[in-house]
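This briefing collects computed features of one protein chain, grouped by topic. Please keep the sequence and the structure open while reading.

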Amino acid sequence: MVRRQIEGRGVADPRVLAAMRTVPRHRFVSRALAGDAYKDHPLPIGAGQTISQPYIVALMAEAASVGPDDRVLEVGTGSGYGAAVLAELGASVITVERHRKLADSAAKVLGGLGYDNATVVCGDGSQGHPPGAPYDAVVVTAAAPRLPPPLVDQLADGGRLVIPVGPPSFSQNLTLVRRMGKETTSERFCPVRFVPLVEEC
């Protein structure tokens, strides 16, 4: 998976590649789909949500430039796979999921795999998680029509926000936002397709 689908498509950060090799993706999907866990496409996980394709998970982790001592917020826990990759990078991760059933399932899997540096919270991820702010990186796994101000506000100085931006009915642009003091810069670098970011728990 890593050699062909991820490294072969341009992801070069050795720490991200190592994390993708380490996290057992099959543990984050149902037994019926375990045989497809390492294929390069999303898979359903219930509640109308999906586990993102491995390449996109790796691409977002690389774009976020997550360091081993970073505080990271993930919006959209889903199965917990993305949070596991971020935690494998050594970050302290808070991941927010609006579906209680998915949040509970992800917490159980993450705990079972020993990712004690990943905490699952059920809530409205579009508002971030102020108690843990500021964050060195914020990774959003749902599409927003525009940059959500609360997520930008919760970035630390030098922080990075990786988020799909665009209408939910079409493809979006994966966007990297950097905060330097009170200023931000943004860079679009990849068309993607994500479920919409919903502002409710």
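F28 sits in the loop that runs between α2 and β1. The model is predicted, and every value below is computed from it.

**F28 and its surroundings**

- F28 has a relative accessible area of 5%, and because the cut-off for buried is under 20%, F28 counts as buried.
- Leaving out residues up to four places away in sequence, F28 touches V23, I45, I51, S79, G80, Y81, A84, V109, L110 and L113.
- F28 and S105 are 77 residues apart along the chain, while their C-alpha atoms are separated by 9.0 Å.
- F28 is also one of the residues with the most contacts inside the largest nonpolar core.

**Nonpolar cores**

- In soluble globular proteins, nonpolar side chains tend to be buried together.
- The largest nonpolar core of this model is made up of 49 residues.
- Besides F28, the residues with the most contacts inside this core are V11, M20, V66, Y81, V85 and V93.
- Helix α3, residues 54-64, supplies nine residues, the largest share of this core.
- What does V93 touch, not counting residues up to four places away in sequence? The residues are V72, A83, L86, A87, N117, A118 and T119.
- Another core, of 17 residues, lies apart from the largest one, and V75, Y135, L151 and I163 are among its residues.

**Packing of α2 and α4**

- Two packed helices are described by the angle between their axes and the distance between the axes.
- For α2 (residues 14-22) and α4, the angle is about 130° and the axes are 9 Å apart.
- The two helices are therefore oblique to each other, since an angle counts as roughly antiparallel over 145 degrees and as roughly perpendicular from 65 to 115.
- The crossing in which α2 passes α4 is right-handed.
- On the α2 side the contact involves A19, M20 and T22, which meet Y81, V85 and E88 of α4.
- Of these residues, M20, Y81 and V85 are also listed among those with the most contacts inside the largest nonpolar core.
- Is α4 mostly covered or mostly uncovered? Helix α4 is mostly covered, with seven of its eight residues buried.
- The buried residues of α4 are Y81, G82, A83, A84, V85, L86 and A87.

- T77 is placed in the loop between β3 (71-75) and α4 (81-88).
- Its relative accessibility is 4%, so T77 counts as buried.
- The side chains of T77 and T95 make a polar contact of 2.6 Å.
- Neighbours within four places in sequence aside, T77 is in contact with T95, V96, E97, A106 and V120.
- T141 lies in the loop between β6 (135-140) and α6 (149-153).
- At 19% relative accessibility, T141 counts as buried because the cut-off is under 20%.
- A polar atom of the T141 side chain lies 2.7 Å from the backbone oxygen of G76.
- With residues up to four places away in sequence left out, T141 touches E74, V75, G76, F194 and V195.
- V75, one of these residues, belongs to the core of 17 residues.

**Backbone features**

- The peptide bond from A133 to P134 is cis, and its omega is near 0°.
- P134 is found in the loop between β5 (118-122) and β6.
- A47 is not a glycine, yet its phi is positive, at about 60°.
- A47 lies in the loop between β1 (43-46) and β2 (49-51), and at 47% relative accessibility A47 is partly exposed.
- S65, which is not a glycine either, has a positive phi of about 50°.
- S65 is in the loop between α3 and β3, and its relative accessible area of 38% makes S65 partly exposed.

**A position in α5**

- D104 belongs to helix α5, residues 100-112.
- D104 is partly exposed, at a relative accessible area of 44%.
- D104 and S52 are 52 residues apart in sequence, and their C-alpha atoms are 19 Å apart in space.

Definitions and conventions: Residues are numbered from 1 along each chain as its sequence is written. This is a predicted model: local features need pLDDT of at least 70, side-chain atom pairs count only at pLDDT 80 or more; totals for chains, interfaces and linings use all residues. Side-chain values use heavy atoms; hydrogens and water are left out. Helices (H or I, at least four residues) and strands (E, at least two) are DSSP runs, numbered from the N terminus. Buried means under 20% relative accessible area, exposed over 50%, partly exposed in between (1.4 Å probe, protein chains only). A polar contact is a pair of N or O atoms within 3.5 Å; within protein, one must be able to donate a hydrogen and the other to accept it, and residues adjacent in sequence count only if both atoms are side-chain atoms. Contact means heavy atoms within 4.5 Å. A nonpolar core is a set of buried Ala, Val, Leu, Ile, Met, Phe, Trp, Tyr and Cys residues joined through side-chain atoms within 4.5 Å. Axes are lines fitted to C-alpha atoms, for helices over the stretch in contact, and angles run from 0 to 180 degrees between N-to-C directions. Angles under 35 degrees count as roughly parallel, over 145 as roughly antiparallel, 65 to 115 as roughly perpendicular and the rest as oblique. A crossing is left-handed if the near helix is turned anticlockwise from the far one by less than a right angle, and right-handed if clockwise.
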